[in-house]
Amino acid sequence: MASSFQQAARRAVFLAALLPWAAAQAQVQAGPGTWSSNQTWATDTVNGGALTGYYYWPATNPTLAGKRALVLVLHGCAQTAAGDVIDSGTDKGYNWKGVADQYGAVILAPNATGNLYGSHCWDWAKSTHSRTTGHSGILLDLINRFVSNPQYAIDPKQVYVAGLSSGGAQTMVMGCLAPDIFAGVGINAGPPPGVSTTQIGAVPSGYTATTAANNCKNLAGTSVSEFATQVAGVIWGTSDYTVAQGYGPLDAAAMRIVYGGTLTKGAAVSVATGGSNLPYTDANGKVRTSEITVTGMGHAWPAGTGGQNSNYVDATKVNYPSFVMDFWFRNNLRAARAAAPTMNSCSASVSGSTVTVNGAGTSTSGTIGSYRVVLNGPTPVDDAAAGSGASFTKAYTARADGYYSGSVTATDSATGLTSSACTISQFLVGTAPALQPPGGLAVGASTASSIALSWNAVNGATGYNLYRNGVKVNAAALTATGYTDTGLAASTSYSYQVSSLGNGGVESARSGSVTGSTSSGFVCTATTASNYAHVQAGRAHDSGGYALANGSNQNMGLDNTFYTATLAQTSSGYYIIGNCP
């Protein structure tokens, strides 16, 4: 069965490469836009019973390569597809319907067969995994049923898998076992291959990312070369005391080892609902792994607004379906991407109160079906039908006096792709208004000796002056709308204002003030050791036989030498579980 599945998938890939994009687009059939009734698929001869579950077939068009993506979503222990992943009436559960519509993707939500580990789990902890038997076998069979059925128009290069807990662990198993099938994985609070069910609460002593990577590569066998084009997202909560939080960064590090080459750690990006995302890029600048730490989330699937908020599903944190789909689609290394059109030129001219905008563009995929003109100013313009073809000219009458700026974009009629914006520089209609101080002055990142500031551009301004505690900082006029003030004292607050400069040396009034503070200069360090060693070293303390991190009081597990944790000291006397932010 494994051989026939691989051959079928490879044939589908070959055929997809032969079809032109527009023809593939025309063949995509609209689905009902609702979750299916309960389906019965393959028989599980190992765990018992038949694989059942649901699928979502959107009515919307696909957004990449003219064919649909397929996402396999795996529930956690003590959950079911019907009760927790889907909701046929609204977009509750794991909250996949909205992103399925957005990307035109088919979603699969199966139920784990049998009753493994007494909690309706997936068989992730088995010592061996096969592409033809057990949960891995029936899930790959399910994937093949949809990929090989032309009515769904699935692109074999856009097949993904994500899951929570045992489903997260099974996600990593599937991604390792069949990297030729899965272009991307999304692991939520899942232990890696080789860990037992008794070890989910703490990373076993001696078990490292290299251990997990070796186990992963062993599962892949002859398909190990396919890791070169796979991407992986990992997510976990800082209040998860069911599955050790240390497995999150360990999973991501293991996948980076498997992917090979030099991967560079990017800057952590804040997650709006609390937490951060840490990307790693390869030598080609492609993002290969993503690590999201969700502040305050327990052992749960982060569904975001619109998901349910019970039974290990959290609707108050990040919308992970939305995030991981964007991550997969942006960074897919396998799917062919049609080139967006290019804006070659754009400009604006003024005659009295009339503004005439010109633009020209090209497209390698077809023709430009529409130009969009946006003008910002006293009488704004947002015209999505300014023209079409190789170039256009359009006049906008009765514009009020003042400064304007804008942009033009081109959209391809065949692919629907839109060009990058061509910028129209600032220009004046009528008489120049009085020079205004900048708005939006804001404090950005700070260090022990510097504070970054930014502000909004001002119409008619030729530069800016920045004032710290009432004294001008810059010797020459600042031409950018941002500045990093350096040489400051640590742990100190400063007040800032900014003014605009015009022609002839005219200076506006100063803006309202904002206050920024430098940091203490403390450098975060992370230490991995047994819980007993952490307590003895003063990084944690004992409470009722459990080790609690000093400062944060996060529970690390039992206070003994058999439990290992990584603690990051983020400030004096304050430790958190995990690596430094």
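Me: Where does the charged end of arginine 288 sit?

Reply: In this predicted model, the charged end of arginine 288 lies over the ring of tyrosine 259, at 4.5 Å from the centre of that ring. A charge is counted as sitting over a ring if CZ of Arg is within 6 Å of the ring centre and within 35 degrees of the ring normal. A second case is arginine 256, which lies over the face of tyrosine 280 at 3.5 Å from the ring centre.

Me: How many residues of α8 are buried?

Reply: A residue is called buried when its relative accessible area is under 20%. By that reading α8 is mostly covered, with 11 of its 13 residues buried. Among them are Arg256 and Tyr259, the former lying over the face of tyrosine 280 and the latter having the charged end of arginine 288 over its ring.

Me: What covers the buried residues of α8?

Reply: The cover includes the helices α6 (166-177) and α7 (209-220), together with the strands β6 (184-188), β7 (231-237), β10 (275-281) and β11 (287-294).

Me: How many aromatic pairs does the structure hold, and how is one of them read?

Reply: There are 18 aromatic pairs in the structure. In one of them, the rings of tryptophan 41 and phenylalanine 146 have centres 6.4 Å apart and planes at 75 degrees; planes over 60 degrees apart count as edge-to-face, so this pair is edge-to-face.

Me: Which residues do ring pairs link into a cluster?

Reply: The cluster consists of Tyr94, Trp96, Trp301, Tyr320, Phe323 and Phe327, linked by ring pairs.

Me: What domains does the domain assignment give?

Reply: The assignment gives domain 1 (34-331), domain 2 (342-429), domain 3 (442-517) and domain 4 (525-577). Taken over C-alpha atoms, the centres of domain 2 and domain 3 are separated by 33 Å.

Me: Which residues does UniProt list for "domain: Fibronectin type-III"?

Reply: The unreviewed UniProt entry lists residues 437-521 under that name. Over residues 437-521 the chain is 0% helix and 40% strand, and the end C-alpha atoms are 33 Å apart.

Me: Is alanine 434 buried or exposed, and where does it lie?

Reply: Alanine 434 is exposed, with a relative accessible area of 59%, and lies in the loop between β20 (422-429) and β21 (442-446). The C-alpha atoms of alanine 434 and glycine 502 are separated by 9.8 Å, although these residues are 68 apart along the chain.

Me: What describes the protein as a whole?

Reply: Its secondary structure comes to 10 helices and 33 strands. Of the 581 residues, 49% are buried. Among contacts between residues at least 6 apart in sequence, 63% join residues at least 24 apart. The C-alpha atoms fill a box of roughly 80 × 65 × 45 Å along the principal axes.

Key. Residues numbered from 1 in each chain as written. Predicted model: local features only at pLDDT ≥ 70, side-chain atom pairs only at ≥ 80, totals over all residues. Heavy atoms only, no water. Phe/Tyr/Trp six-rings, centres within 6.5 Å; stacked < 30°, edge-to-face > 60°. Domains from an automatic or database assignment. UniProt positions renumbered as here; feature names shortened; annotations may be inferred. Helix = DSSP H or I, 4+ residues; strand = E, 2+ residues; numbered from the N terminus. Buried < 20%, exposed > 50% of the residue type's maximum accessible area, 1.4 Å probe, protein only. Contact = heavy atoms within 4.5 Å.
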